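Please find below a note on the structure under review.

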Amino acid sequence: MDTGRVEQIINNHRCEAGSLIQILLDIQNELHWLPKEALEMVREKLQVPMSRIQHTVTFYDAFSLVPKGRHEISVCMGTACHVRGASRVLEVVQTVTGIQPGETDPDMKFSLDTVNCLGCCALGPVMKINEQHLGKLVPDKAGGLLKKYD
Ligand code: FES
């Protein structure tokens, strides 16, 4: 873990306890997960109880306490996407990445999850890779898109 980078993130928020969620989000974005050592640094610098930190990181889906891949894939399985073939898209994503929802591949390239709605139902089926929403997917298109990621 790059402790210098974590320290810099905390300092950017002036070690303010009121910025706890934003600090954790910034660390999550930087490291793709929240290692125990990072949470300890946050606790010490912000002077907040570890129980409050633990409650926050387990409450929000945006946080992960296990390592994630460089590219996080979320395949929407909500109703609007489901009726337009999301299951077939998910099958192709699983085949191309070699992982199931909830898993990360051994190279730490991809993490895969399913979600219930990505908020753009008219574009279904939809998946999100990192911060990019990809809509109107068909299985072949979804598989081809994944091959562009290193
Ligand atoms: S159901 Fe898939 S984006 Fe809403």
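The points below move from the basis of the model to its fold, pocket, charged pairs, cysteines and surface.

1. Basis of the model. The model is predicted, so local features need pLDDT of at least 70 and side-chain atom pairs count only at pLDDT 80 or more, whereas totals for chains, interfaces and linings use all residues. Residues are numbered from 1 along each chain as its sequence is written, and side-chain values use heavy atoms, with hydrogens and water left out.

2. Overall fold. The protein has seven helices and four strands, where helices (H or I, at least four residues) and strands (E, at least two) are DSSP runs numbered from the N terminus. The order of the elements from the N terminus is α-α-α-α-β-α-α-β-β-β-α. The C-alpha trace spans about 50 × 30 × 20 Å along its principal axes. Of the 150 residues, 39% count as buried; buried means under 20% relative accessible area, exposed over 50%, and partly exposed in between (1.4 Å probe, protein chains only).

3. Largest pocket. The volume of the largest pocket is about 610 Å³. Of its 22 lining residues, the closest to the centre are Asp61, Ala62, Glu72, Ser74 and Lys128. Helix H2 (20-31), strand S1 (71-76) and strand S2 (110-115) each supply at least two residues of the lining, and S2 gives the most, with five residues. On a 1 Å grid over the protein atoms alone, a pocket is an open set of points where a 1.4 Å probe fits, with protein on both sides within 12 Å along at least five of seven lines; lining residues have an atom within 4 Å of a point. Grid points are joined across faces, edges and corners, and the volume is the space filled by probe spheres set on the points.

4. Salt bridges. Five salt bridges are found in the whole structure, each being a side-chain nitrogen of Lys or Arg within 4 Å of a carboxyl oxygen of Asp or Glu. One of them joins Glu30 and Arg5 (3.1 Å, N to O). Glu30 lies in helix H2 and Arg5 in helix H1 (residues 3-12), so this pair ties together parts that are 25 residues apart in sequence. Both are partly exposed, Glu30 at 37% relative accessibility and Arg5 at 24%.

5. Further charged pairs. Asp113 and Lys68 also meet in a salt bridge (3.0 Å, N to O). Asp113 lies in strand S2 and Lys68 in the loop between H4 and S1, so the pair ties together parts that are 45 residues apart in sequence. Lys68 is buried at 18% relative accessible area, while Asp113 is partly exposed at 25%. Arg43 pairs with Glu40, their closest N and O atoms being 3.0 Å apart; both lie in helix H3 (residues 36-46), three residues apart, about one turn of the helix.

6. Cysteines. How many disulfides are there? The count is zero, taking a disulfide as a pair of cysteine sulfur atoms within 2.5 Å. Cys76 is buried, with a relative accessible area of 2%, and Cys81 is buried, with a value of 2%.

7. Surface patch. Ile21, Phe59 and Tyr60 form a nonpolar patch on the surface, with about 310 Å² of accessible area together. Phe59 belongs to helix H4 (residues 50-59) and counts as exposed at 57% relative accessibility. Patches are made of residues with over 30% relative accessible area and no salt bridge; like charges are joined within 9 Å, and nonpolar side chains (Val, Leu, Ile, Met, Phe, Trp, Tyr) within 5 Å. Accessible areas come from the Shrake-Rupley method with a 1.4 Å probe, and for residues only the protein chains shown count as cover.
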